[in-house]
Amino acid sequence: MHKIVEPKIFYFGTPVVLISTLNEDHSVNLAPISSAWSLNQSFMLGISNRSQTVQNILRELECVLNLPSVDLVHAVDRLALLTGRNPVPDYKVRQGYRYEPDKFGAAQLTQTPSDIVKPSCVKECPVQLEAIVKHVHDFGEDPSTLAAIEVNIVKSHINEQILMDGEENYIDPDKWNPLIMNFCEFYGIGEKVHPSRLAPVFAPPVRQ
């Protein structure tokens, strides 16, 4: 039997993304988000428009989307209640956040240079996507405290260990175990439950 309920959130399961952006003092901010989806070479990101990340994005119009695998869950969790905003906004103080200028150090992660954009990549993440901001929209209720940010991927750094054997441009889903946020809890992905008839459409071309 179905019941009428009023869930506080609808995080049914989306990948965790560590967004690196450039602060005004040219240091790099790092923030985890869990509302992100992609289509072709574009990502749509959902995030509080009161965050340091959004302030940096509006100013610099670029970022890096770093996708952690499940083995990086402890590093991601170390970032959970940290903010790059100083002073810390009142609403975040009430939630238990504290200001941290060195997010990489706090998470025990390593910066590595990007090729096109200024913010650093996260060395430990198997997927690092340099991105340029295309559009920023208010999202949700009016007045909105959320932003929907559309970015275009301009350079992809993929760890060769998750690529399909013999292929340069295809990630093997059997080798890639992204960290997933499901109703504010961390999950990985399980085994494939059934072959998809759609998979051959996006498979590598057959070599003659």
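# Worked exercises on a predicted model

The charged end of Arg-50 is placed over the ring of Tyr-91, at 3.7 Å from the ring centre.

## Exercise 1. Charges over rings

Task: which ring lies under Lys-92, and at what distance from the ring centre?

Solution. Start from the cut-off, by which NZ of Lys or CZ of Arg must be within 6 Å of the ring centre and within 35 degrees of the ring normal. Lys-92 lies over the face of Tyr-97, with a distance of 4.8 Å from the ring centre. The other case to set beside this one is Arg-50, whose charged end sits 3.7 Å from the centre of the Tyr-91 ring.

## Exercise 2. The aromatic cluster

Task: classify the geometry of each aromatic pair in the structure, and state which residues form the cluster.

Solution. The structure holds two aromatic pairs. In one of them, Phe-10 and Phe-12 are 5.9 Å apart from centre to centre with 35° between the planes, and the pair is tilted. The class follows from the cut-offs, because planes under 30 degrees apart count as stacked, over 60 as edge-to-face and the rest as tilted.

The next step takes up Phe-12 again, whose ring centre is 5.3 Å from that of Phe-183; the planes stand at 90°, so this pair is edge-to-face. The pair links distant parts of the chain, with Phe-12 in the segment before β1 and Phe-183 in the loop between β13 and β14, 171 residues apart. Together, Phe-10, Phe-12 and Phe-183 make up one aromatic cluster.

For the accessibility of these rings, Phe-10 counts as exposed at 54% relative accessibility, and Phe-12 likewise counts as exposed at 59%. Phe-183, at 37%, counts as partly exposed.

## Exercise 3. Strand pairing

Task: which strands pair with β12, and over how many bridges?

Solution. Take β5 to begin with, which covers residues 42–48 and pairs with β12 (residues 146–158) in the antiparallel sense over seven bridges. Within this pairing, Met-44 stands opposite Glu-150 in β12. Then take β11 (residues 127–139), which runs antiparallel to β12 and is joined to it by twelve bridges. Here Val-136 stands opposite Ile-149 in β12.

Task: in the open sheet of three strands, which strands stand at the edges?

Solution. The order of the open sheet is β1-β13-β14, with antiparallel pairing. β1 and β14 each have a single partner strand and stand at the edges, so one side of each is left without a neighbour in the sheet. The pairing of β1 with β13 is antiparallel and rests on two bridges, and the bridge partner of Thr-14 in β13 is Met-181.

## Exercise 4. A threonine in helix α1

Task: is Thr-53 buried or exposed, and which residues does it touch?

Solution. Thr-53 lies in helix α1, which covers residues 52–60. Its relative accessible area is 3%, and because buried means under 20%, Thr-53 is buried. Leaving aside residues up to four places away in sequence, Thr-53 touches Ile-19, Thr-21, Asn-29, Ala-31 and Ile-47. With Asn-29 there is also a polar contact between the side chains, at 3.3 Å.

## Exercise 5. Salt bridges

Task: how many salt bridges are there, and which residues are linked in a network?

Solution. The count comes to six salt bridges. In one of them, the side chains of Glu-60 and Arg-59 meet at 3.2 Å, N to O; Glu-60 is partly exposed at 22%, as is Arg-59 at 33%. Arg-59 and Glu-60 are linked with Glu-62 and Lys-118 in a network of salt bridges.

A further bridge joins Glu-100 to Arg-98, with the closest N and O atoms 3.1 Å apart. Glu-100 counts as buried at 14% relative accessibility, whereas Arg-98 is partly exposed, with 44%.

The side chains of Asp-165 and Lys-175 meet in another salt bridge, at 2.6 Å from N to O. Asp-165 and Lys-175 each lie in the loop between β12 and β13, so the pair ties together parts that are ten residues apart in sequence. Asp-165 counts as exposed at 66% relative accessibility, while Lys-175 is partly exposed at 34%.

Notes. Residues are numbered from 1 along each chain as its sequence is written. This is a predicted model: local features need pLDDT of at least 70, side-chain atom pairs count only at pLDDT 80 or more; totals for chains, interfaces and linings use all residues. Side-chain values use heavy atoms; hydrogens and water are left out. Two strands pair if DSSP finds at least two bridges between them. Helices (H or I, at least four residues) and strands (E, at least two) are DSSP runs, numbered from the N terminus. Buried means under 20% relative accessible area, exposed over 50%, partly exposed in between (1.4 Å probe, protein chains only). A polar contact is a pair of N or O atoms within 3.5 Å; within protein, one must be able to donate a hydrogen and the other to accept it, and residues adjacent in sequence count only if both atoms are side-chain atoms. Contact means heavy atoms within 4.5 Å. Rings of Phe, Tyr and Trp (its six-membered ring) pair if their centres lie within 6.5 Å; planes under 30 degrees apart count as stacked, over 60 as edge-to-face and the rest as tilted. A salt bridge is a side-chain nitrogen of Lys or Arg within 4 Å of a carboxyl oxygen of Asp or Glu.
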